[in-house]
Amino acid sequence: MCGRTACSLGADNLRRACAYRDRGGRRRQPEWIRAERYRPSYNKGPQSSGPVLLSRRHLQQDADSSERVLMDMRWGLVPSWFNKDDPSKMQFNTSNCRSDTMLKKSSYKGPLLKGKRCVVLADGFYEWQQHSGGKQPYFIYFPQSKDAVAEGKDGDEEWRGWRLLTMAGIFDCWEPPAGGETLYTYTIITVDASKDVSFIHHRMPAILDGDEAIRKWLDFAEVPTQEAVKLIQPTENVVFHPVSTFVNSVRNNTPECVAPVELGAQKEVKATPTSNVMLSWLKSSQEGSPQKKENDLPRWTSQFIHSPSPKKTGTGLLQQWLGKEAEPAAKKRKA
(Lines give C-alpha, C1' and ligand atoms only; values in the text may rest on other atoms or scores of the structure.)
Protein backbone atom coordinates (compact mmCIF):
# COMPACT_ATOMS: atom_id res chain seq x y z
CA MET A 1 0.00 0.00 0.00
CA CYS A 2 1.01 3.64 0.08
CA GLY A 3 -0.22 5.73 2.98
CA ARG A 4 2.46 8.38 3.35
CA THR A 5 4.80 10.22 0.98
CA ALA A 6 7.32 13.05 0.92
CA CYS A 7 7.54 15.75 -1.75
CA SER A 8 9.89 18.48 -0.57
CA LEU A 9 10.70 20.37 -3.79
CA GLY A 10 9.31 23.84 -4.15
CA ALA A 11 6.90 24.62 -6.99
CA ASP A 12 9.48 25.98 -9.44
CA ASN A 13 11.97 23.15 -8.91
CA LEU A 14 9.19 20.58 -9.10
CA ARG A 15 8.26 21.92 -12.51
CA ARG A 16 11.89 21.75 -13.65
CA ALA A 17 12.18 18.19 -12.33
CA CYS A 18 9.20 17.16 -14.49
CA ALA A 19 10.70 18.26 -17.82
CA TYR A 20 9.80 16.00 -20.74
CA ARG A 21 10.00 15.81 -24.52
CA ASP A 22 6.88 16.42 -26.58
CA ARG A 23 5.84 14.66 -29.80
CA GLY A 24 8.30 16.78 -31.79
CA GLY A 25 11.20 15.97 -29.47
CA ARG A 26 11.23 19.44 -27.94
CA ARG A 27 12.13 19.66 -24.26
CA ARG A 28 9.32 21.21 -22.25
CA GLN A 29 8.29 21.86 -18.69
CA PRO A 30 4.68 21.24 -17.63
CA GLU A 31 2.65 24.32 -16.80
CA TRP A 32 1.50 24.66 -13.21
CA ILE A 33 -2.25 24.96 -12.69
CA ARG A 34 -2.95 26.80 -9.41
CA ALA A 35 0.67 26.53 -8.25
CA GLU A 36 -0.09 28.81 -5.31
CA ARG A 37 -2.00 25.95 -3.65
CA TYR A 38 0.96 23.59 -3.61
CA ARG A 39 2.82 23.09 -0.32
CA PRO A 40 6.03 21.01 -0.10
CA SER A 41 6.07 18.43 2.67
CA TYR A 42 8.29 15.71 4.10
CA ASN A 43 5.23 13.89 5.46
CA LYS A 44 2.09 13.87 3.32
CA GLY A 45 -0.86 11.72 4.31
CA PRO A 46 -4.30 11.02 2.81
CA GLN A 47 -6.68 13.99 2.71
CA SER A 48 -3.72 16.33 2.21
CA SER A 49 -2.96 17.78 -1.21
CA GLY A 50 -0.12 16.65 -3.45
CA PRO A 51 1.28 17.31 -6.93
CA VAL A 52 0.21 15.22 -9.92
CA LEU A 53 0.88 15.25 -13.65
CA LEU A 54 -2.01 14.91 -16.11
CA SER A 55 -2.76 15.55 -19.77
CA ARG A 56 -3.75 19.11 -20.59
CA ARG A 57 -6.66 17.76 -22.66
CA HIS A 58 -8.52 17.01 -19.43
CA LEU A 59 -8.70 20.77 -18.89
CA GLN A 60 -8.75 21.97 -22.50
CA GLN A 61 -10.52 19.81 -25.07
CA ASP A 62 -8.59 21.07 -28.09
CA ALA A 63 -5.17 20.62 -26.45
CA ASP A 64 -2.56 18.08 -27.55
CA SER A 65 -3.16 15.03 -25.35
CA SER A 66 0.59 14.54 -24.94
CA GLU A 67 1.03 17.96 -23.33
CA ARG A 68 1.39 17.77 -19.56
CA VAL A 69 0.31 20.04 -16.74
CA LEU A 70 1.00 20.01 -13.01
CA MET A 71 -1.85 20.30 -10.54
CA ASP A 72 -2.21 20.08 -6.79
CA MET A 73 -4.98 17.58 -5.97
CA ARG A 74 -6.39 16.13 -2.77
CA TRP A 75 -5.29 12.59 -1.93
CA GLY A 76 -8.28 10.26 -1.64
CA LEU A 77 -10.51 9.95 -4.68
CA VAL A 78 -14.03 11.38 -4.44
CA PRO A 79 -16.05 9.90 -7.33
CA SER A 80 -18.02 12.32 -9.47
CA TRP A 81 -21.26 10.52 -8.58
CA PHE A 82 -20.88 11.04 -4.81
CA ASN A 83 -24.06 12.93 -3.86
CA LYS A 84 -23.38 14.09 -0.31
CA ASP A 85 -22.56 17.72 0.39
CA ASP A 86 -19.30 16.91 2.19
CA PRO A 87 -16.60 14.56 0.80
CA SER A 88 -15.50 13.72 4.34
CA LYS A 89 -18.78 11.81 4.72
CA MET A 90 -17.55 9.06 2.40
CA GLN A 91 -17.71 5.73 4.19
CA PHE A 92 -14.80 4.07 2.39
CA ASN A 93 -11.07 4.75 1.98
CA THR A 94 -9.98 5.68 -1.53
CA SER A 95 -6.37 6.74 -0.95
CA ASN A 96 -5.21 3.49 -2.60
CA CYS A 97 -6.73 1.48 -5.42
CA ARG A 98 -5.82 -2.18 -5.88
CA SER A 99 -4.81 -2.99 -9.46
CA ASP A 100 -6.72 -6.28 -9.41
CA THR A 101 -10.04 -4.62 -8.60
CA MET A 102 -9.77 -1.17 -10.20
CA LEU A 103 -11.87 -2.25 -13.19
CA LYS A 104 -14.52 -3.75 -10.91
CA LYS A 105 -15.19 -0.99 -8.41
CA SER A 106 -17.31 1.87 -9.72
CA SER A 107 -15.29 4.53 -7.89
CA TYR A 108 -12.26 3.69 -10.05
CA LYS A 109 -13.69 2.00 -13.14
CA GLY A 110 -15.64 5.06 -14.26
CA PRO A 111 -12.79 7.59 -14.26
CA LEU A 112 -10.28 5.00 -15.52
CA LEU A 113 -12.39 4.17 -18.59
CA LYS A 114 -12.75 7.91 -19.23
CA GLY A 115 -8.97 8.22 -19.36
CA LYS A 116 -8.56 10.07 -16.08
CA ARG A 117 -5.05 8.81 -15.49
CA CYS A 118 -2.47 10.82 -13.58
CA VAL A 119 1.06 10.48 -12.24
CA VAL A 120 1.51 11.13 -8.52
CA LEU A 121 4.86 12.76 -7.74
CA ALA A 122 6.99 12.27 -4.63
CA ASP A 123 10.57 12.15 -3.40
CA GLY A 124 9.59 8.68 -2.19
CA PHE A 125 7.04 6.93 0.01
CA TYR A 126 7.05 5.52 3.52
CA GLU A 127 6.09 2.00 4.46
CA TRP A 128 5.96 0.29 7.85
CA GLN A 129 7.31 -3.19 8.56
CA GLN A 130 5.46 -5.15 11.22
CA HIS A 131 7.64 -6.89 13.81
CA SER A 132 7.32 -8.15 17.35
CA GLY A 133 8.45 -4.85 18.82
CA GLY A 134 6.02 -2.74 16.80
CA LYS A 135 6.41 -1.13 13.39
CA GLN A 136 9.61 0.04 11.68
CA PRO A 137 9.19 2.75 9.00
CA TYR A 138 11.22 2.74 5.78
CA PHE A 139 11.65 5.38 3.08
CA ILE A 140 11.48 3.92 -0.47
CA TYR A 141 12.53 5.78 -3.61
CA PHE A 142 14.21 5.59 -7.02
CA PRO A 143 17.97 4.89 -7.13
CA GLN A 144 19.97 8.05 -7.76
CA SER A 145 22.88 8.04 -10.21
CA LYS A 146 26.24 8.04 -8.42
CA ASP A 147 27.88 10.24 -11.05
CA ALA A 148 25.32 12.98 -10.56
CA VAL A 149 27.11 15.01 -7.92
CA ALA A 150 27.33 18.55 -9.28
CA GLU A 151 24.93 21.13 -7.94
CA GLY A 152 22.26 22.19 -10.37
CA LYS A 153 22.16 25.85 -11.26
CA ASP A 154 18.94 27.76 -11.81
CA GLY A 155 20.05 28.49 -15.37
CA ASP A 156 20.73 24.86 -16.24
CA GLU A 157 18.59 23.60 -19.10
CA GLU A 158 18.31 20.14 -17.58
CA TRP A 159 17.19 19.43 -14.07
CA ARG A 160 20.09 18.23 -11.96
CA GLY A 161 18.28 17.25 -8.81
CA TRP A 162 16.56 14.38 -7.05
CA ARG A 163 14.80 12.00 -9.43
CA LEU A 164 11.16 12.03 -8.42
CA LEU A 165 9.24 8.83 -7.80
CA THR A 166 6.43 8.61 -10.36
CA MET A 167 3.40 6.59 -9.25
CA ALA A 168 0.40 5.65 -11.39
CA GLY A 169 -2.84 7.19 -10.21
CA ILE A 170 -6.47 7.76 -11.16
CA PHE A 171 -8.22 11.08 -10.59
CA ASP A 172 -11.77 12.36 -10.68
CA CYS A 173 -13.64 15.65 -10.47
CA TRP A 174 -16.40 16.17 -7.93
CA GLU A 175 -18.84 19.06 -7.98
CA PRO A 176 -20.69 19.95 -4.77
CA PRO A 177 -24.45 19.28 -5.18
CA ALA A 178 -25.22 22.81 -3.98
CA GLY A 179 -22.70 24.31 -6.38
CA GLY A 180 -19.20 25.59 -5.83
CA GLU A 181 -15.66 24.92 -6.92
CA THR A 182 -14.84 21.56 -8.52
CA LEU A 183 -12.73 19.32 -6.29
CA TYR A 184 -9.93 17.34 -7.99
CA THR A 185 -8.90 14.19 -6.10
CA TYR A 186 -6.73 11.16 -6.81
CA THR A 187 -5.94 7.63 -5.70
CA ILE A 188 -2.63 5.76 -5.99
CA ILE A 189 -2.78 2.37 -7.71
CA THR A 190 -1.12 -0.45 -5.75
CA VAL A 191 0.27 -3.83 -6.81
CA ASP A 192 1.88 -6.83 -5.13
CA ALA A 193 5.22 -5.79 -3.68
CA SER A 194 8.39 -6.66 -5.57
CA LYS A 195 10.69 -9.27 -4.05
CA ASP A 196 13.14 -6.73 -2.66
CA VAL A 197 10.59 -4.78 -0.61
CA SER A 198 8.07 -7.53 0.20
CA PHE A 199 9.69 -8.08 3.60
CA ILE A 200 8.55 -4.55 4.51
CA HIS A 201 4.99 -4.84 3.20
CA HIS A 202 3.12 -7.08 0.75
CA ARG A 203 1.82 -4.13 -1.33
CA MET A 204 3.53 -1.21 -3.06
CA PRO A 205 2.54 1.63 -5.41
CA ALA A 206 2.48 0.99 -9.14
CA ILE A 207 5.62 2.88 -10.18
CA LEU A 208 6.15 4.16 -13.71
CA ASP A 209 9.87 3.86 -14.40
CA GLY A 210 10.96 6.20 -17.18
CA ASP A 211 9.43 8.87 -19.37
CA GLU A 212 8.07 6.45 -21.97
CA ALA A 213 5.95 4.72 -19.32
CA ILE A 214 4.80 8.12 -18.05
CA ARG A 215 3.90 9.22 -21.59
CA LYS A 216 1.80 6.13 -22.23
CA TRP A 217 -0.01 6.41 -18.90
CA LEU A 218 -0.88 10.09 -19.35
CA ASP A 219 -1.74 10.18 -23.07
CA PHE A 220 -5.24 8.75 -22.82
CA ALA A 221 -6.18 9.84 -26.35
CA GLU A 222 -3.40 7.80 -27.96
CA VAL A 223 -3.07 4.92 -25.49
CA PRO A 224 -6.34 3.11 -24.67
CA THR A 225 -7.09 1.81 -21.20
CA GLN A 226 -6.44 -1.84 -22.08
CA GLU A 227 -2.91 -0.90 -23.20
CA ALA A 228 -2.21 1.51 -20.38
CA VAL A 229 -3.05 -1.00 -17.63
CA LYS A 230 -0.23 -3.24 -18.89
CA LEU A 231 2.13 -0.67 -17.33
CA ILE A 232 0.78 -1.47 -13.90
CA GLN A 233 3.41 -3.88 -12.60
CA PRO A 234 5.68 -4.20 -9.54
CA THR A 235 9.17 -2.80 -10.02
CA GLU A 236 12.48 -3.93 -8.54
CA ASN A 237 14.08 -0.60 -9.38
CA VAL A 238 13.77 1.01 -5.95
CA VAL A 239 16.02 1.37 -2.93
CA PHE A 240 15.15 1.99 0.69
CA HIS A 241 16.46 2.77 4.14
CA PRO A 242 14.99 2.68 7.65
CA VAL A 243 13.92 5.98 9.17
CA SER A 244 12.96 7.12 12.63
CA THR A 245 9.47 6.57 14.08
CA PHE A 246 9.43 10.38 14.14
CA VAL A 247 7.63 10.06 10.79
CA ASN A 248 4.77 8.10 12.41
CA SER A 249 2.95 11.33 13.26
CA VAL A 250 1.82 13.20 10.15
CA ARG A 251 2.19 16.39 12.19
CA ASN A 252 5.97 15.97 12.02
CA ASN A 253 7.05 17.66 8.82
CA THR A 254 10.82 18.22 8.77
CA PRO A 255 13.79 16.64 6.93
CA GLU A 256 14.35 14.32 9.91
CA CYS A 257 11.44 12.29 8.50
CA VAL A 258 13.62 11.00 5.64
CA ALA A 259 16.94 10.81 7.52
CA PRO A 260 18.45 7.27 7.59
CA VAL A 261 18.80 5.53 10.96
CA GLU A 262 20.70 2.41 12.00
CA LEU A 263 18.54 -0.46 13.17
CA GLY A 264 19.57 -1.99 16.47
CA ALA A 265 21.22 1.26 17.48
CA GLN A 266 20.01 4.66 18.56
CA LYS A 267 17.33 5.97 16.22
CA GLU A 268 19.30 9.03 15.21
CA VAL A 269 21.70 9.88 12.43
CA LYS A 270 25.21 9.63 13.90
CA ALA A 271 26.51 13.04 14.84
CA THR A 272 29.51 14.20 12.84
CA PRO A 273 30.81 17.74 12.29
CA THR A 274 29.18 17.68 8.85
CA SER A 275 25.86 16.33 10.04
CA ASN A 276 25.69 18.82 12.90
CA VAL A 277 26.11 21.71 10.48
CA MET A 278 23.65 20.24 7.95
CA LEU A 279 20.97 19.31 10.47
CA SER A 280 21.34 22.74 12.03
CA TRP A 281 20.77 24.28 8.60
CA LEU A 282 17.78 22.04 7.94
CA LYS A 283 16.15 23.00 11.24
CA SER A 284 16.86 26.71 10.90
CA SER A 285 15.62 26.76 7.32
CA GLN A 286 12.33 25.19 8.34
CA GLU A 287 11.20 27.38 11.24
CA GLY A 288 8.12 25.19 11.53
CA SER A 289 7.36 25.20 7.81
CA PRO A 290 8.46 22.97 4.91
CA GLN A 291 8.40 25.91 2.53
CA LYS A 292 12.04 26.75 1.94
CA LYS A 293 13.18 29.32 -0.58
CA GLU A 294 13.70 27.77 -4.00
CA ASN A 295 17.40 28.64 -4.11
CA ASP A 296 17.99 27.22 -0.63
CA LEU A 297 16.69 23.74 -1.41
CA PRO A 298 19.30 20.99 -1.16
CA ARG A 299 20.20 19.86 -4.68
CA TRP A 300 20.39 16.20 -5.60
CA THR A 301 21.40 15.16 -9.06
CA SER A 302 19.79 12.84 -11.55
CA GLN A 303 17.61 13.20 -14.60
CA PHE A 304 13.82 12.81 -14.49
CA ILE A 305 13.82 12.77 -18.27
CA HIS A 306 16.14 9.77 -18.62
CA SER A 307 14.47 6.39 -19.12
CA PRO A 308 14.76 4.07 -17.32
CA SER A 309 16.86 4.85 -14.27
CA PRO A 310 20.18 3.04 -13.68
CA LYS A 311 20.34 0.04 -11.37
CA LYS A 312 22.05 1.77 -8.46
CA THR A 313 21.60 0.76 -4.86
CA GLY A 314 23.25 3.44 -2.73
CA THR A 315 21.86 6.52 -1.08
CA GLY A 316 25.05 8.50 -1.60
CA LEU A 317 23.41 11.80 -2.47
CA LEU A 318 20.85 11.59 0.29
CA GLN A 319 23.60 10.64 2.72
CA GLN A 320 25.72 13.57 1.56
CA TRP A 321 22.83 15.96 2.08
CA LEU A 322 22.20 14.67 5.58
CA GLY A 323 25.94 14.64 6.30
CA LYS A 324 26.12 10.97 7.21
CA GLU A 325 29.68 9.80 6.66
CA ALA A 326 29.12 6.16 7.58
CA GLU A 327 28.33 3.39 5.08
CA PRO A 328 24.97 4.08 3.37
CA ALA A 329 22.07 2.45 5.19
CA ALA A 330 19.94 1.89 2.09
CA LYS A 331 20.43 -1.35 0.28
CA LYS A 332 18.66 -3.93 -1.74
CA ARG A 333 17.56 -6.98 0.24
CA LYS A 334 19.53 -9.98 -0.92
CA ALA A 335 17.58 -12.90 -2.34
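Q: Is Tyr126 buried or exposed?
A: This is a predicted model, in which local features need pLDDT of at least 70, side-chain atom pairs count only at pLDDT 80 or more, and totals for chains, interfaces and linings use all residues. Residues are numbered from 1 along each chain as its sequence is written, and side-chain values use heavy atoms, without hydrogens or water. Buried means under 20% relative accessible area, exposed over 50%, and partly exposed in between (1.4 Å probe, protein chains only). The relative accessible area of Tyr126 is 0%, so Tyr126 is buried.

Q: How are the planes of the Tyr126 and Phe139 rings arranged: stacked, edge-to-face or tilted?
A: Rings of Phe, Tyr and Trp (its six-membered ring) pair if their centres lie within 6.5 Å; planes under 30 degrees apart are stacked, over 60 edge-to-face, and the rest tilted. The centres of Tyr126 and Phe139 are 5.1 Å apart and their planes lie at 45 degrees, so the pair is tilted.

Q: Which strand holds Phe139?
A: Strands (E, at least two residues) are DSSP runs, numbered from the N terminus. The pair links distant parts of the chain, 13 residues apart, with Tyr126 in strand E10 (residues 124-131). Phe139 lies in residues 134-141, strand E11.

Q: What is the arrangement of the Tyr138 and Phe240 rings?
A: Both Tyr138 and Phe240 are buried. Their ring centres are 6.0 Å apart and their planes at 75 degrees, so the pair is edge-to-face.

Q: Which residues form one aromatic cluster?
A: By the ring-pairing rule, the count comes to 10 aromatic pairs. One aromatic cluster is formed by Tyr126, Trp128, Phe139, Tyr141 and Trp162.

How values were computed. Helix = DSSP H or I, 4+ residues; strand = E, 2+ residues; numbered from the N terminus.
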